Amino acid sequence: MSDDRISQVIRAEVRELSAYHVPDSHGYVKLDAMENPHSLPDEIRQQWLNHLHQAELNRYPDACAGGLKSRLREVFNMDSGVELLIGNGSDEIIQIIQMATARQRKVLAPEPTFVMYEMIARFVGTQFVGVPLDQDFQLDRQAILTAIDQHQPAVIFLAYPNNPTGNLFDRNVVIDVIRAAPGLVVIDEAYQAFANDSLMDQLESSQNLLIMGTLSKLGLAGLRLGYAVAAPQWIQQFEKIRLPYNINVLTQLSVEFVLSHMEILNSQASLIKSERQRVFSRLIELGYMCYPSACNFILFRSDQDADRIHQNLLDRNILIKNLSHAHPTLRNCLRVTIGSAEENDAFLNAMTQI
Ligand SMILES: *Cc1c(COP(=O)(O)O)cnc(C)c1O
């Protein structure tokens with residue numbers, strides 16, 4: 001087909017993008033995507049399958065996902081004054097927010113951070129402003145407050161803790177950002193289960209705050225369920241953009257079921273946190289610089305060529321994320337997801353040989 005025809009139909013912003021790349025992981029020890037390595041105990045899996053018997057595949061799913069939402073409210077202790085929006089992963093929530101954002105206004109986030117904030121801004125045609133983090137990957141208070149003043153962004157995205165750096169930003173600076181923001185501040189708490197902190201307690205006092213969460217990193221990546229909580233006035237607007245049946249019946253029933261066994265997910269998260277400590281210490285022993293992590297992954301830096309380490313790991317069937325070319329401040333940085341004890345051993349043994 002002629003390039004001409006494509007360029008007459010497809011917007012320039014879209015033509016210039018590269019699609020989000022997911023590497024083929026078949027046959028690898030998969031430590032690149034922040035998945036929980038643990039599955040449900042056999043007995044619970046059987047109960048889950050029994051629970052799915054009630055699914056009516058010929059009917060549309062419950063459009064407001066009432067049962068699922070009340071379970072989410074219970075499990076995550078949501079205040080009755082806030083409203084809840086659910087998405088097909090929190091990626092979809094980021095997209096809903098940006099599709100609703102005023103044209104001609106900007107979206108702002110620190111960088112490096114989660115790539116979808118910028119990618120979605122670009123394909124919806126909103127100008128994205130990135131504000132560099134400081135050397136320790138903390139928010140540069142002065143720089144971000146100046147950028148807010150200058151660009152008057154409609155929406156600010158802060159991942160708390162941040163991906164791919166793994167750290168929690170200084171809470172006081174985050175609160176300063178919320179106070180200074182002229183529009184909405186979205187706090188993305190995708191890694192809350194591993195972090196021991198949350199800004200949920202700021203919702204009541206900050207009317208311009210929205211908190212996002214997801215079940216992906218907690219162990220349900222395959223189901224795709226994300227959520228947002230904020231004052232009802234915000235959620236009512238975003239609800240207009242959410243497609244009516246975005247959460248399918250199998251996801252609704254499965255999440256409802258698994259959330260009634262939260263203790264399993266919580267104990268898996270504890271296991272991951274103790275493994276994180278073990279992997280962290282060993283990487284330090286091996287001479288790598290490791291950044292403090294409040295997530296289920298560790299960002300580390302090599303003083304040699306990260307591309308070579310990444311390739312050496314691939315040769316040993318271990319897949320982690322090479323961030324060396326993702327951003328200038330991530331030069332020679334790699335990100336490893338914390339897996340099961342056996343997977344972490346495989347990774348650490350390979351790193352020892354390398
Ligand atoms: C993984 C991740 C998400 C995406 O989560 P889904 O619910 O799987 O779409 C959102 N934000 C951050 C910071 C992430 O790392």
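Predicted model: local features only at pLDDT ≥ 70, side-chain atom pairs only at ≥ 80, totals over all residues.

Tutor: Residues are numbered from 1 along each chain as its sequence is written, and side-chain values use heavy atoms, with hydrogens and water left out.

Student: Why is the contact between arginine 278 and aspartate 345 called a salt bridge?
Tutor: A salt bridge needs a side-chain nitrogen of Lys or Arg within 4 Å of a carboxyl oxygen of Asp or Glu. Here the N to O distance is 2.9 Å, so the pair qualifies. Arginine 278 lies in helix H12 (residues 262–285) and aspartate 345 in helix H14 (residues 341–353), so the pair ties together parts that are 67 residues apart in sequence. Helices here are DSSP runs (H or I, at least four residues), as strands are (E, at least two), numbered from the N terminus.

Student: What separates glutamate 285 and arginine 282 in helix H12?
Tutor: About one helical turn, because they are 3 residues apart. Their closest N and O atoms are 2.6 Å apart, in a salt bridge.

Student: How do you know whether glutamate 285 is buried or exposed?
Tutor: Buried means under 20% relative accessible area, exposed over 50%, and partly exposed in between (1.4 Å probe, protein chains only). Glutamate 285 has 57%, so it counts as exposed. Arginine 282, at 26%, is partly exposed.

Student: And what makes arginine 242 buried?
Tutor: Its relative accessibility is 10%, so it counts as buried. Its salt-bridge partner is glutamate 239, at 2.9 Å, N to O. Glutamate 239 has 25% and therefore counts as partly exposed.

Student: What puts the buried residues of helix H4 on the same side?
Tutor: The buried residues of H4 (residues 66–75) are Leu68, Lys69 and Leu72. They cover an arc of only 100° around the axis, which puts them on the same side of H4. The arc is that of the directions from the helix axis to the C-beta atoms.

Student: What makes the nonpolar surface patch?
Tutor: Met1, Ile6, Val9, Ile10 and Val14 make the patch, of about 480 Å². Patch residues have over 30% relative accessible area and no salt bridge, with nonpolar side chains (Val, Leu, Ile, Met, Phe, Trp, Tyr) joined within 5 Å and like charges within 9 Å. Isoleucine 10 has 34%, so it is partly exposed.

How values were computed:
Areas by Shrake-Rupley, 256 points an atom, 1.4 Å probe, with all protein chains shown as cover.
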